[in-house]
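User: I have a model open and want to learn how to read its features. Can we go through them one at a time?

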Amino acid sequence: VALQPHHQRQACDASAVCAAPGPTETREFTFDGTLSGGSSQNDVFAAVGRPVLQECLRGVNGAVLAYGQTGSGKTHSLLHQGENSDEAGLLPRLVAGL
């Protein structure tokens, strides 16, 4: 998939990334939300972890996937133990929430 910058001729809103998998076909991908590079571990947990945990406690299956470029911080965001609770990643916070 070749990602393209947003062009006026494409009908994508600000929450979407337009991608062109072929020379004649354009697809639109939307996201429920995004977090900036300056987001804290607590921001990640509040936006992603807490809602999944609450649904799991109600009996609904849940999953969290991390996707991104090598070195972008996926492992840190998911598994980091941290010296204090403010630095803990998503998984330690989920376990503590159980």
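Predicted model: local features only at pLDDT ≥ 70, side-chain atom pairs only at ≥ 80, totals over all residues.

User: Where does H1 bend, and by how much?

Analyst: H1 covers residues 41-57. The bend is at Gly 49 and amounts to about 40°. Pro 51 follows within four residues of that point.

User: Which residues of H1 are buried?

Analyst: Start with the general idea. An α-helix has 3.6 residues a turn, so residues three or four places apart point the same way. Now the case here. The buried residues of H1 are Gln 41, Val 44, Phe 45, Gly 49 and Leu 53.

User: What covers them?

Analyst: The cover includes helix H2 (74-79) and helix H3 (90-97).

User: Why does Gln 41 count as buried?

Analyst: The cut-off is under 20% relative accessible area. Gln 41 has 11%, so it is buried.

User: Which residues does Gln 41 touch, leaving out those up to four places away in sequence?

Analyst: Its contacts are His 76, Ser 77, His 80, Asp 86, Glu 87, Ala 88, Gly 89 and Arg 93.

User: Now the surface. Which residues make the nonpolar patch?

Analyst: Leu 79, Leu 91 and Val 95 make a nonpolar surface patch of about 270 Å². Leu 91 sits in helix H3.

User: Why is Leu 91 called partly exposed?

Analyst: Partly exposed lies between the buried limit of 20% and the exposed limit of 50%. Leu 91 has 42% relative accessibility, so it counts as partly exposed.

Technical notes:
Residues numbered from 1 in each chain as written. Heavy atoms only, no water. Bend = angle between axes of the 7 residues up to and from the residue. Helix = DSSP H or I, 4+ residues; strand = E, 2+ residues; numbered from the N terminus. Buried < 20%, exposed > 50% of the residue type's maximum accessible area, 1.4 Å probe, protein only. Contact = heavy atoms within 4.5 Å. Patch = residues over 30% accessible without salt bridge, like charges linked within 9 Å, V, L, I, M, F, W, Y side chains within 5 Å. Areas by Shrake-Rupley, 256 points an atom, 1.4 Å probe, with all protein chains shown as cover. Salt bridge = Lys/Arg side-chain N within 4 Å of Asp/Glu carboxyl O.
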